[in-house]
Amino acid sequence: MGIYSTVMETVTEVTGLSPTAFFTILAMMVVVYNIVSGMFLGPEDFRQKPQKEPIQVGDITESELRAYDGSDPRKPLLIAIRGQIHDVSSSKMFYGRGGAYSMFTGREASRALAMLSFKPEDLTGNLEGLSAEELGVLEDWESKFIEKYPVVGRVVPAPNSSENGERVHIQDNDRNEKME
C-alpha cells in the first residue's frame, strides 16, 4: 500500500486536485485526443496505393478527350499537353471534381499552363503568340507531367478539320456529277 498512497499524495501535491478528479480529467483528455486525432489523416493515408495499369486511349480528338473530365468516375482523368495525353488519375484531389485544377481535366491545356492562366478561353493547344518565357514555363510543366504521369495517348485533329482546327468542307465530286 505504500506505493499507492505515495502516488495519490504526489498527485494531490503536484496538481492540487483529488486523485479522483485528476484521473477523470486524464481519461477525458485521452478520449478527446483520440476523437480529434481521428478527424485527421494518419501516416498510412499518405502511402501510395498500388495503382492500376493506366488505360491507353491512343489517338483521340479534343472533343473525345472531354469525356475524361471526371464526370464519369469509371473513366480516368486525362490532360493533354502539346498533344500528349497524360493520365492524372493518381492526383484526384487536384484534378478530380472540385479539385483546384479540375478545369484542365479532359482538355488540351498547353496554352493555359504556359500562361499560368485559369481562363477557359486559354484551354487550348494553340501556342501561337506565346513568348519565349511562356514556352519555357510550358516546357517545365511538360517535363513535370512526363515525370509524374503516364502518357496514354495523343490528341489528333478531328477528321473533318485541318491542322489549325478550321472546319474543312469535303466535296464529293462523284456524288455531285450524278445529281446533275
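## Glu108 and its surroundings in a predicted model

The side chain of Glu108 reaches the backbone nitrogen of Gly83 at 2.8 Å. The structure is a predicted model, and Glu108 lies in the loop that runs between helix H4 (92–95) and helix H5 (110–115). This residue is buried yet has no salt bridge, since its nearest side chain of opposite charge, that of Arg82, is 8.1 Å away.

**The setting of Glu108**

- When neighbours within four places in sequence are left aside, the residues in contact with Glu108 include Ile81, Arg82 and Gly83, along with Glu62 and Leu65.
- Leu123, Thr124 and Gly125 are also among the contacts of Glu108, as is Ala80.

**The overall fold**

- The chain has 7 helices and 4 strands, and from the N terminus on these elements follow the order α-α-β-α-β-β-α-α-α-β-α.
- Of the 180 residues in the chain, 27% are buried.
- Among the contacts between residues at least 6 apart in sequence, 54% join residues that are at least 24 apart.

**The nonpolar cores**

- The largest nonpolar core has 15 residues, and those with the most contacts inside it are Ile79, Val88, Tyr95, Phe104 and Phe145.
- Two or more residues of this core come from each of the elements S2, H5 and helix H6 (132–148), and H5 gives the most, with 3 residues.
- Phe104, one of the residues with the most contacts inside this core, touches Leu78, Ile79, Ala109, Ala112, Leu113, Ser117, Phe118 and Leu123 when residues up to four places away in sequence are not counted.
- A second, separate core has 9 residues, among them Val57, Ile60, Ala80 and Val152; Ala80 is also one of the residues in contact with Glu108.

**Confidence in the prediction**

- The chain averages a pLDDT of 85, and 82% of the residues score at least 70.
- Among the elements of the chain, strand S2 (residues 78–81) has the highest mean pLDDT, at 97, whereas helix H7 (residues 173–179) has the lowest, at 40.
- Over residues 167–180 the pLDDT is below 50, and this stretch has 6 contacts in the model beyond near neighbours in sequence.
- Where pLDDT is low, the predicted coordinates should not be read in detail.

Terms used:
Residues are numbered from 1 along each chain as its sequence is written. This is a predicted model: local features need pLDDT of at least 70, side-chain atom pairs count only at pLDDT 80 or more; totals for chains, interfaces and linings use all residues. Side-chain values use heavy atoms; hydrogens and water are left out. Buried means under 20% relative accessible area, exposed over 50%, partly exposed in between (1.4 Å probe, protein chains only). Lys and Arg count as positive and Asp and Glu as negative; His and the chain ends are not counted. A salt bridge is a side-chain nitrogen of Lys or Arg within 4 Å of a carboxyl oxygen of Asp or Glu. A polar contact is a pair of N or O atoms within 3.5 Å; within protein, one must be able to donate a hydrogen and the other to accept it, and residues adjacent in sequence count only if both atoms are side-chain atoms. Contact means heavy atoms within 4.5 Å. pLDDT is the predictor's confidence in each residue, from 0 to 100. A nonpolar core is a set of buried Ala, Val, Leu, Ile, Met, Phe, Trp, Tyr and Cys residues joined through side-chain atoms within 4.5 Å.
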